[in-house]
Amino acid sequence: MNQKRIYLYPFFIIFIVFLVDKMVCIPELREAGRRAYKSGQNVLVGLPKVWEEDKKLQSENTKVVVVTGTSRSDIFHEWDKIPVNQSTYDGPIYFETRSSIKASEYFLFYLMIQSMTKSGFKPDLLFLEFSEEMLNENNVFSYKSKWQELMLHEDELIDIYPTFNFKYQREILSKLFFLSYNYHFSPTQGVSNWIKGKTANDDTYFIALASYLNKKRPFDPNKIGINLDNFTPQEFKDRIVDYSESQRELLLTNYTFSETEYGFLKKIIQHAEEHNIPTVLWEPQVHPYYSQLRKSITGGNLMETFGRPLVDPNSKNIRLISLNKGNTNCKTFVDSSHVSPICVPEIADKLLQIAKGIPNFK
């Protein structure tokens, strides 16, 4: 008799696992027992608050330009109010820069832009960064690192499934079939917090979120950067040569074109077209030394090779421009990969001039 009961144990364990997994479908229990939030997750959870603030600005007749990109776009965040030439645009305009994330690529940007439209917010204009490093499969900040930080809902997992390769598609299926695995759910923590009316790691969550939803930071005039022709030999070595090598190791290591990141760039462009979001796809300027180093690794000119084919020449929503064509007056760099924040007004003006050619940008 006891031996027959032993045979039933595996079925009992499977039933318990199934029951716990289905209980995770209850939102209150899921939020009580899910794992601690990480940086990527905090961004997605915090963004609806950002979009609500931007919608309020639009209701006050201020145009909102969303700036999405890496640290090369993050320099926009160092201006509380970017001066714009009246001849380019003469109305009140605000640059939303909290969607510029230093360490991320198109996978996260796609989720961020989806969050924007799901919140019912449509920017008057989107600045979308194109940098060749973002298309490296082996970039340390690629989708592979962000994927580990995110707990996406079922509809989001289904949406991104076709863009991932087979390995990550298997992970998506696992997360869809086992929600407790998706949320790294702890049953004992969930029951305890649910009884107490708490969610998982509230303190950690709010500290991280507060650091993200920060005010714009004025740049330090003492850290304004150095003119292209004024580097001392030591400064050139530290800021240009050595920094270029660090970028090679982090962002250009074993450069392999990423079909996955490119797939999410495609999805962003399609999303902008479907929702009539005026968009400027732009390539930031880098120091000539680093530009040559990068070109020796990637082959260069990827903006034309991979960016331009995504944009319909007759598009009513999207235009593109590279600022690496000697078409700016910006000659000040903080390092080999980033221009000085003092270049931001000129960059913003240049991108707005391009935007004026977009039929759906009013």
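Modeller: Two strands are said to pair if DSSP finds at least two bridges between them. Helices (H or I, at least four residues) and strands (E, at least two) are themselves DSSP runs, numbered from the N terminus. In this predicted model, local features need pLDDT of at least 70 and side-chain atom pairs count only at pLDDT 80 or more, while totals for chains, interfaces and linings use all residues. Residues are numbered from 1 along each chain as its sequence is written, and side-chain values use heavy atoms, with hydrogens and water left out.

Biologist: How many helices and strands does the chain have?

Modeller: There are 16 helices and eight strands in the chain. Its C-alpha trace spans about 90 × 50 × 45 Å along the principal axes.

Biologist: What percentage of the residues in the chain is buried?

Modeller: Buried means under 20% relative accessible area, exposed means over 50%, and partly exposed lies in between (1.4 Å probe, protein chains only). Of the 362 residues in the chain, 49% are buried. Contacts, meaning heavy atoms within 4.5 Å, may also be sorted by sequence separation. Among those between residues at least 6 apart in sequence, 84% join residues at least 24 apart.

Biologist: In which order do the five strands of the open sheet stand?

Modeller: Strands of a sheet pair through backbone hydrogen bonds, either parallel or antiparallel. Here the five strands follow the order β2-β1-β3-β5-β6, with parallel pairing, and the sheet is open. The edges are β2 (93-96) and β6 (318-322); each has a single partner strand, so one side of each is left without a neighbour in the sheet. From one strand to the next, the twist averages 20°.

Biologist: How many bridges join β1 to β3?

Modeller: Strand β1 (residues 63-68) is joined to β3 by four bridges, and the two run parallel. T68 has L128 of β3 as its bridge partner, and V65 stands opposite L125 in that strand. Four bridges also link β1 to β2, again in parallel; here V66 has E96 of β2 as its bridge partner. Five of the six residues of β1 are buried, so this strand is largely enclosed by the rest of the structure.

Biologist: Is the pairing in the sheet of three strands parallel or antiparallel?

Modeller: The pairing is antiparallel in this open sheet, whose order is β4-β7-β8. Two bridges join β7 (residues 332-335) to β8, and F333 stands opposite V339 in β8.

Biologist: Which helix lies across β4, β7 and β8?

Modeller: Helix α12 lies across these three strands, running at about 70° to β7. Such angles run from 0 to 180 degrees between N-to-C directions, and axes are lines fitted to C-alpha atoms, for helices over the stretch in contact.

Biologist: At roughly what angle do the axes of α5 and α13 cross?

Modeller: Two packed helices are described by the angle between their axes and the distance between the axes. The axes of α5 (residues 106-118) and α13 (residues 259-274) come within 8 Å and cross at roughly 25°. That makes α5 roughly parallel to α13; angles under 35 degrees count as roughly parallel, over 145 as roughly antiparallel, 65 to 115 as roughly perpendicular and the rest as oblique. The residues of α5 that meet α13 include F107, Y110 and I113, and those of α13 include F264, L265 and I268.

Biologist: Is the crossing of α12 and α14 left-handed or right-handed?

Modeller: A crossing is left-handed if the near helix is turned anticlockwise from the far one by less than a right angle, and right-handed if clockwise. The crossing of α12 and α14 is right-handed, whereas α5 passes α13 in a left-handed crossing. The axes of α12 (residues 233-251) and α14 (residues 288-298) come within 10 Å and cross at roughly 25°. These two helices are therefore roughly parallel to each other. Among the residues making the contact are F236 and I240 of α12, together with Y289 and L293 of α14.

Biologist: With which side chains does the side chain of E137 make polar contacts?

Modeller: A polar contact is a pair of N or O atoms within 3.5 Å; within protein, one must be able to donate a hydrogen and the other to accept it, and residues adjacent in sequence count only if both atoms are side-chain atoms. The side chain of E137 has such a contact with the side chain of Y143 (2.4 Å) and another with that of S258 (2.7 Å). E137 is placed in the loop between β3 (125-129) and α6 (143-147), and its relative accessible area of 15% makes it buried.

Biologist: Is T88 buried or exposed?

Modeller: T88 counts as buried, at 8% relative accessibility. T88 is found in the loop between α4 (71-74) and β2. Not counting residues up to four places away in sequence, T88 touches D349, L352, Q353 and K356.
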